[in-house]
Amino acid sequence: MRPSQKVLRPVVTLLSECPRASVKAAEVLYRFFNMEHIDIMNTYQSSEMNRLERRLIDGDSLDKALLPYFRRGFHSVGCLDKGSGTIFHLLSPGGSSNTESTTSAKKDKYAMNYLSLLSITETGKTAEHDDVDDDVYNCIASIQEARDIIALNMDKSTLNSLKVMAMQVLNKPVSPSYFTSLNNGLPLLIFPKRISEADANSTHSDAKFKLREIAIPYDDESTYPDGLTLLQSLSKSTLSRPKTGLFQWKSASASFAIRPLPIAKVDLNLPSPSMIFQCESLDKVQSEYSRDVNLNKVGYNSITPGQLMVGHEDLQGIDLRYCQSKELSSMFPEAQESLMAGSLDDLQNVNVMVKGGNAQSSNDQVVASRTRIDSLNGLGDCWVEFRANLKRPMGYFEGKSRRKSVQRTAKAPDLPYE
């Protein structure tokens with residue numbers, strides 16, 4: 001027996017709608033972001049490894065959190081970003097982590113996946129084991145610890161259990177607030193307690209892609225149980241500030257930045273969180289992946305190349321981007337989804353979003369080029385805006401909860417140079 005080194009790994013947990021959707025989203029991350037699969041259910045000779053696997057298979061604190069009303073458990077899929085040392089954990093209700101039932105598979109076959117940012121947690125435990133790959137063991141242990149943290153913060157009331165069960169019976173997406181008791185898209189955050197500059201050298205600088213930044217939209221009216229907003233929580237943490245508006249998450253095995261993005265008070269929708277990955281060249285990425293995924297430029301001009309937004313049907317709800325700049329910036333190129341968050345969909349011309357195509361049909365090349373005919377052309381009257389507001393009456397109330405917007409990918413509008 002030999003003690004393993006305590007490795008701190010941040011775990012980014014994304015809530016998926018079903019186990020099949022988690023697997024499909026993970027396959028996209030493997031293919032387009034060069035992540036490594038974390039084989040949670042692989043068999044090792046180590047008793048310590050087997051103990052972790054048995055917890056994930058037979059049921060841990062998360063699987064038992066909503067008993068006896070919700071018995072299906074929660075499924076986990078893991079991906080490792082070798083470049084930044086970050087673990088991406090796709091969590092979904094329904095089935096244990098090793099397999100899913102035939103009924104669930106048939107039910108989820110045609111479901112549209114929609115991901116939500118559930119938590120960003122720093123994990124790290126010391127254990128003794130032998131004949132086990134330390135990297136593999138630490139990844140599985142980090143995922144298990146992230147599940148325990150979510151279970152610890154979950155609302156275990158009967159009402160919440162019945163809500164989760166009802167959403168599963170109706171085949172509806174489960175809200176992240178059912179897991180964290182946080183509203184308006186606030187993620188659960190567990191910050192690193194110590195930041196060691198000397199030990200923060202274990203990331204792979206030669207990796208093809210690596211996570212460099214996570215941008216989290218938030219509402220100033222939404223607070224954590226301690227009364228702090230997202231920005232206030234980050235400001236009071238031990239995270240350093242490399243640039244204005246950026247907080248550096250740095251530990252012994254990972255390094256990336258968090259950017260809080262406040263939304264306007266008039267916004268009706270909460271934009272999707274953005275995850276930006278470092279790459280060598282945007283042109284190289286575009287030539288390699290443009291045939292398999294919808295890539296759209298954002299934030300580009302004559303000086304900077306901007307970023308490439310990835311549109312894929314299995315990654316709805318999360319804005320994934322490529323960026324070739326090696327320096328962090330205090331400015332962030334928001335997509336058109338953020339610019340239209342305060343507008344009513346019924347009042348928008350159908351051609352507003354057609355230039356960038358539709359993220360739900362990434363292989364349809366015709367959608368991105370043809371011009372559509374707006375049904376309201378010539379039919380508008382002075383009551384059009386009033387009827388559109390009646391369909392979304394939440395705009396009339398203060399302290400409203402903002403719904404999660406459907407991800408729509410569009411290129412930046414062509415504005416004349418000043």
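Predicted model: local features only at pLDDT ≥ 70, side-chain atom pairs only at ≥ 80, totals over all residues.

Colleague: Where does Asp319 sit?

Modeller: Asp319 is in strand 16.

Colleague: Which side chains does the side chain of Asp319 make a polar contact with?

Modeller: One is the side chain of Ser274, at 2.8 Å. Another is the side chain of Arg321, also listed at 2.8 Å.

Colleague: Ser274 next, then. Which way does Ser274 point from strand 13?

Modeller: Ser274 points one way together with Ile276 and Gln278. Met275 and Phe277 point the other way. In a regular strand the side chains alternate between the two faces of the sheet.

Colleague: And strand 13 itself, how many of its residues are buried?

Modeller: Five of the five. Strand 13 covers residues 274-278, and with that count buried, it is largely enclosed by the rest of the structure.

Colleague: How does strand 13 run against strand 16, parallel or antiparallel?

Modeller: The two run parallel, joined by five bridges. Within that pairing, Met275 stands opposite Leu320 of strand 16. Strand 13 also pairs with strand 9, in the antiparallel sense, again over five bridges. There, Leu211 has Phe277 as its bridge partner.

Colleague: What else does strand 9 pair with? I'm curious about strand 11.

Modeller: Strand 9 spans residues 210-218, and its pairing with strand 11 is parallel, over six bridges. Ile216 has Pro260 of strand 11 as its bridge partner. Strand 10, residues 247-250, pairs with strand 11 too, in the antiparallel sense over four bridges. In strand 11, Ser255 is the residue opposite Lys250.

Colleague: Why is strand 11 described as largely enclosed?

Modeller: Because six of its eight residues, in the run 255-262, are buried.

Colleague: Switching topic. Which residues touch the most other members in the largest nonpolar core?

Modeller: That core has 46 residues, and the ones touching the most other members are Phe33, Phe88, Ile120, Met275, Leu320 and Tyr322. Helix 1 gives the most to this core, with six residues.

Colleague: What does Phe33 touch?

Modeller: Leaving aside residues up to four places away in sequence, Phe33 touches Val28, Phe209, Phe277, Val310, Leu320, Arg321 and Tyr322.

Colleague: Last topic, helix 8. Which of its residues are buried?

Modeller: Helix 8 covers residues 282-289, and Leu282, Val285 and Tyr289 are buried there. They cover an arc of only 60° around the axis, so they sit on the same side of helix 8. An α-helix has 3.6 residues a turn, so residues three or four places apart point the same way.

Colleague: And what covers the buried residues of helix 8?

Modeller: The cover includes helix 1 (19-33), strand 14 (294-298), strand 15 (307-311) and strand 16 (319-323).

Colleague: What about the face turned away from the buried side?

Modeller: That face of helix 8 carries Asp283 and Ser287, which are exposed.

Colleague: What caps the N-terminal end of helix 8?

Modeller: Ser281 does. One of its side-chain oxygens lies 3.3 Å from the backbone nitrogen of Asp283.

Key. Residues numbered from 1 in each chain as written. Heavy atoms only, no water. Buried < 20%, exposed > 50% of the residue type's maximum accessible area, 1.4 Å probe, protein only. Pairing = 2+ DSSP bridges. Arc of directions from axis to C-beta. Contact = heavy atoms within 4.5 Å. Polar contact = N/O pair within 3.5 Å; in protein donor to acceptor, adjacent residues only side chain to side chain. Core = buried A, V, L, I, M, F, W, Y, C linked by side-chain atoms within 4.5 Å.
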